[in-house]
Amino acid sequence: MGNFKFDFGYNPPAGDRGYEQINPKTYMSDLHNVLDVASENFTSLWASDHLNYGSEFRIECWTLLTWMAAKYPETMLGTVVMCNSFRHPPLLAKMTATLQHMSNGKMILGYGAGWYENEYTSYGFEYPRAGVRLDMFEEAVKIIKLMWNDSPANYSGEFYEINNVFCEPRPNPDPVLMLGGGGEKKTLKIVAQHADWWNDVMRKPEALKRKLDVLKSHCLTVGRDYNNIRKTVSARFIIDKDHRKALKLADKIKRVNQYTGQYDQMIVGDPSAVIDQLNELGDLGFDLVVTSFPSFQDLSYIKLFAEEVIPDFL
């Protein structure tokens, strides 16, 4: 198994996610420092879309994204992934088209159905059952694509309706539409029908292979070329020049945060071990990884990755 060609993105913390320390007083300077490194070494920058898990410090996704677009205009920009329920889909279509225009075509709309119930209820959003959220998500995707391409656009569905809506300037080219999620019955069918790219969380190789097999089956059913969908994954990296130190840090993060299945999302080890694990992803067909690292203020992790891992995949 040889090395594959990968693109790498970096997803800075918008708030506490269990393995980085956030200091609200220094957040902006910390963000500047890490993104200065990432923008020079990674092909894309990504913002996560959560409003809160509890009382933690947290920056809103689209605000962070537009700030990054202005600060780092040469880098592709993405969301990983935006929750359909938090913004009215026609408005989001307009927001994305606008940022695509103002960033000179660098926008990747990562989009999902939403999942965290407490976040919905604390902000006053209705939290329908999963099947309904997915039906709403599919309608939203249809509306967004229509608004990017038809002028005026019209749509009447069970959940959303638009009438003679103009989305000018319409994007040219369209933003990349990256749909996130691993639900095998409905989510991956929506991906097969509508996505330019698919994004999943890091799983064990056998679990990712199963998701890919299901996606391939849905593509056959709907008449879509499976190879035309780019496969991307979001992964937490615990990297150190000393392999044992990396394993020890991963165990500490697991213990402190009481991770169970989420521990499988980590790629852990020295640069050689990390390269081997990335090659396993490449062998499955993935070619873009959205990264995050265990420290926000300490740049040694992201610099080590940039210096000793990325060059193997160029």
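Accessible areas here come from the Shrake-Rupley method with a 1.4 Å probe, and for residues only the protein chains shown count as cover. On that basis, the chain exposes about 14400 Å², of which carbon and sulfur atoms supply 48%. Please keep in mind that this is a predicted model, in which local features need pLDDT of at least 70 and side-chain atom pairs count only at pLDDT 80 or more, while totals for chains, interfaces and linings use all residues. Residues are numbered from 1 along each chain as its sequence is written, and side-chain values use heavy atoms, with hydrogens and water left out.

**Overall build**

Let us begin with the fold as a whole. Ten helices and twelve strands make up the secondary structure of the chain; helices (H or I, at least four residues) and strands (E, at least two) are DSSP runs, numbered from the N terminus. The radius of gyration is 19 Å, close to the 20 Å that the globule rule gives for 314 residues, so the chain is as compact as a globular protein of that length. That radius is taken over C-alpha atoms, and the rule is 2.2 Å times the number of residues to the power 0.38. Along the principal axes, the C-alpha atoms fill a box of roughly 60 × 45 × 35 Å.

Of the 314 residues, 53% are buried, where buried means under 20% relative accessible area, exposed over 50%, and partly exposed in between (1.4 Å probe, protein chains only). A contact means heavy atoms within 4.5 Å. Among contacts between residues at least 6 apart in sequence, 72% join residues at least 24 apart.

Charges come next: the chain has 34 positive and 40 negative side chains, and the centres of the two sets lie 3 Å apart. Lys and Arg count as positive and Asp and Glu as negative, without His and the chain ends; each charge is placed at NZ of Lys, CZ of Arg, CG of Asp or CD of Glu.

**The nonpolar cores**

A nonpolar core is a set of buried Ala, Val, Leu, Ile, Met, Phe, Trp, Tyr and Cys residues joined through side-chain atoms within 4.5 Å. The largest one has 85 residues, and those with the most contacts inside it are Y10, Y111, L278, L281 and F305. Helix α5 (residues 130-149) gives the most to this core, with ten residues. A second, separate core of eight residues includes W46, V176, W197 and L288.

Leaving aside residues up to four places away in sequence, Y10 touches several residues, including V34, L35, F42, W46, F293 and I302.

**Backbone details**

| Site | Backbone value |
|---|---|
| V80 to V81 | cis peptide bond, omega near -20° |
| S151 to P152 | cis peptide bond, omega near 0° |
| N104 | positive phi of about 60° |
| N164 | positive phi of about 50° |

V81 sits in the loop between β3 (76-79) and β4 (82-83), and P152 in the loop between α5 and β6 (153-156). N104 belongs to the loop between α3 (89-102) and β5 (107-112) and is exposed, with a relative accessible area of 66%. N164, by contrast, lies in strand β7 (residues 161-165).

**A helix-end leucine**

L284 is found in helix α9 (residues 271-284) and is partly exposed, at a relative accessible area of 22%. Its touching partners, not counting residues up to four places away in sequence, are P205, L208, K209 and L212. The C-alpha atoms of L284 and L208 are separated by 8.0 Å, although the two residues are 76 residues apart along the chain.
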